[in-house]
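Take a look at the protein model below.

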Amino acid sequence: MFYQLKKIKIVFRILVCFFTISMTHAQDFNGSFNISYVENDQKSWWIQNNNFGFKFYPFYQQTKLELKKTNYEVKFNLFSSLNNFEQVTVNESYIKIPIKNSFIKFGRYYRDFSIYLNDQLSSGSILISNNAQAMPKIGIVSQKKINRNQNITFDFGIAHGIFDKNTVYTKSPFLHEKFIYMNIKNKNTLYSFGFVHEAIWGGEINSEHRFAGIQPNSISDYFKIFIAADGPNDFPHANALGNHLGIWDFSMQKRLGSKNFTVYYQHIFEDTSGLRFKNKTDGLWGIELTNFIKNTTLLMEYLNTKNQFRNPPYVAENYYNHGLYSYGWRYKGNHLGNPLINPIEPSASDYLHLGFSGFIQAKTFFSLKSFRELSNSNSIKYKLEIKQSFKKDYLIGIAILRDLETIVGFELEKKL
């Protein structure tokens, strides 16, 4: 109780500070205050997933604040229940400081890779989606241009984060994250080829687990994590220290006047077999069309996990799971990657996901997301949202969520 009250006081001070700054930097400030109601059906897939890790209550609010200046950027995002004021969740909130062709970023944030991905319509990134609360991280991202060929650039970054304590970890493990992309621009087309590496390391595992105790966490251990070197020789062949996973990331973005066409593939790997594509075509395939129908965006994705157990034990990826870090690729109860992949009961399956959004009229916006598992005869799950703006800075909306049953939600938003 005392901790929650202290947390609320800190959040209140941050809000006061933000509003004070916004008074003097109105042109650089954006914000919104949203009050929503949704039937409290915790069995619904749409209530449990892709909701920033927030545990929904019948009445809740979301506050978004953003201040952009030439020499810094500040973002603050807050969820809280209106039934229980002790339930406060600070989501993606960070400070970003540009330095020449680079920037430093610290706070709670999601990712600086796969920047082509439309998080509003997508089923979710294979590695870091909006399925969980944003993790606390500090990172640096930079871009390098090739002097001899200005059409080729490299984007690269590295970050250090902290997981949470839970039923498995008595001391929080660390997150190691790095990525590199080569971008090739050809007239109105951008080709991008990337490699993203994530790792869980350090921390302490409780006494109920086989590998209980403090895990290697020295500087030399960090360099082993960086190159995925072998850890303790507990097996006939030592496994890499920590829990490693990542993606090969391919995308093409083409601009045709006001139209945009994007195709992408995120190939998932959890060991060297997946790194060498021994898990075949597993991962997330997507295509997005913008303005091919005026003022609308259409997105279609195919998610495949059929090859994760292709040839055990040599190809037994078991996505988002790990023997030592048995809590898996999760943060505060929600897994960090694509929510269609079930880390609790891994299965070889595939899904078709569709997203569609746009304007019916100038002041009426709609968004439709739906998916179906193709390997089983499951019903289609969908979420339809319709929002209408009125007066100057107000918006009212309705949401229809269809899963096991139909759920209806309402929202009222005020731009700040």
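The model is predicted.

**Nonpolar cores**

The largest nonpolar core holds 54 residues. Within this core, Ile-126, Phe-163, Trp-329 and Leu-336 touch the most other members. Several elements give two or more residues to the core, including helix α2 (45-48) and the strands β7 (135-146) and β10 (174-186). Strand β11 gives the most, with 4 residues.

Now compare the contacts of two residues. Neighbours up to four places away in sequence are not counted.

| Residue | Residues touched |
|---|---|
| Leu-336 | Leu-127, Ile-128, Ser-129, Ala-132, Met-135, Phe-163, Trp-329, Arg-330, Tyr-331 |
| Ser-357 | Leu-121, Asn-295, Thr-296, Thr-297, Phe-365, Phe-366, Ser-367 |

**A buried serine**

Ser-357 sits in strand β20, which spans residues 350-361. Is Ser-357 buried or exposed? Ser-357 counts as buried because its relative accessibility is 11%, and the cut-off for buried is under 20%. One of its contacts is Asn-295. Ser-357 and Asn-295 are 62 residues apart in sequence. In space, their C-alpha atoms are 8.5 Å apart.

**Cavities**

How many cavities of 30 Å³ or more are there? The count is 3. The largest cavity has a volume of about 50 Å³. Its lining includes Thr-305, Gln-308, Leu-340, Glu-345 and Tyr-351. By type, the lining residues divide into 4 nonpolar, 5 polar and 1 charged.

How values were computed:
Residues numbered from 1 in each chain as written. Predicted model: local features only at pLDDT ≥ 70, side-chain atom pairs only at ≥ 80, totals over all residues. Heavy atoms only, no water. 1 Å grid on protein atoms, 1.4 Å probe; cavity = no way out; pocket = protein on both sides within 12 Å on 5 of 7 lines; lining within 4 Å. Points joined across faces, edges and corners; volume = space filled by probe spheres on them. Nonpolar A, V, L, I, M, F, W, Y, C, P; charged D, E, K, R; others polar. Core = buried A, V, L, I, M, F, W, Y, C linked by side-chain atoms within 4.5 Å. Buried < 20%, exposed > 50% of the residue type's maximum accessible area, 1.4 Å probe, protein only. Contact = heavy atoms within 4.5 Å.
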